[in-house]
Amino acid sequence: MKKISLLTIVLCLTAFFSSCNKDKGTTNLHIKIFPFQVIDEPLAKASASEAVTKLQVYLFDANDNAVDSVIQNASDANFGTIDFTAIPSGSYTIVALGHIGSTLAVVSSPTVAQFPNGIIPDAFCATRNITIGATADLDLNMVLDRMVAEFRLCATTPMPAEVASIEINYSASGTHFNPTTALATSNTGYSFSINTNGYAGQLVNPHCTVLLNSDPQTMDVVVNAKNSAGTVLFTHTFTNVQFQRNHRITASGPLFGSNGTGSITFNNTWIDDTANW
């Protein structure tokens, strides 16, 4: 999998030398996150600061108990500067999650998390195990990988006025995931509905990101165009579509005016896949 965002995280572990803190064996943990421009990235030519609008960083102890956490927005003046103070010596896991959107993921442990409200955003994730000593300094580099794939539909016929929404349905996947593996832990299916009000007469390009239960993963995709009452007006089914994290599948064809079933052949070495039907 190619790297979409490079985050250099510098952890400065400075022991307290006061008699009180020395007895406790605590350490201040300072994390510096620096986004870099990435030239060879498949889905968006953007630096990490542009691709990530929300940063969630968690520190879990050896028993997977949350010791501390920091949540930041890209608009924050101190975005990418994180401080954990008075951390006792021991083994810890850092979970770093970056994504677009304002809704926070629910991160319960290094292996249990969920995107709420049935929405999977464009997201990047990494975990790292560290050992903190009372007098040690530690510099750490972490790379956040894109943890999602994307399906994009390019309609070649204008959208009729009666279409109020376009629904993309995946036969597998889910919103629960393991931050350590960056894979979905639920696999019963995922649906995302896009409000199309205001786009009548235009060539629309609905798209949606999805978590994978394995990488790569094969699943079916059903795209429904519905009216305001929820009635399906047009539908297209794509069978045996092979998805891979950090890759986009693009299907192009007459979404409106006909119904149909097709398939997409995916080459693992491709970055952007386009299929016509």
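Which residue of β16 does E150 stand opposite? Here are some notes to get you started.

1. To settle that one: E150 faces T209 in β16. Bear in mind as you look around that this is a predicted model.

2. Now for β16 itself, residues 207-211. It is largely enclosed by the rest of the structure, because 4 of its 5 residues are buried.

3. Next, the inside. The largest nonpolar core has 45 residues, and the ones touching the most other members are F115, M147, F151, Y170, V221, F243 and F256. Strand β11 turns up again here: its 5 residues are the largest share of this core. Apart from that core there is another one, made of 17 residues and including I87, I94, I130 and L144.

4. Leaving out residues up to four places away in sequence, V221 touches F151, I168, N169, Y170, H236, T237, F238, V241 and F243.

5. A word on confidence. The average pLDDT for the chain is 79, and 72% of the residues score at least 70. Residues 1-24 fall below 50, though the model gives this stretch 91 contacts beyond near neighbours in sequence. Residues 264-277 also stay under 50, with 43 contacts beyond four places in sequence.

Technical notes. Residues numbered from 1 in each chain as written. Predicted model: local features only at pLDDT ≥ 70, side-chain atom pairs only at ≥ 80, totals over all residues. Heavy atoms only, no water. Buried < 20%, exposed > 50% of the residue type's maximum accessible area, 1.4 Å probe, protein only. Helix = DSSP H or I, 4+ residues; strand = E, 2+ residues; numbered from the N terminus. Pairing = 2+ DSSP bridges. pLDDT = per-residue confidence, 0-100. Contact = heavy atoms within 4.5 Å. Core = buried A, V, L, I, M, F, W, Y, C linked by side-chain atoms within 4.5 Å.
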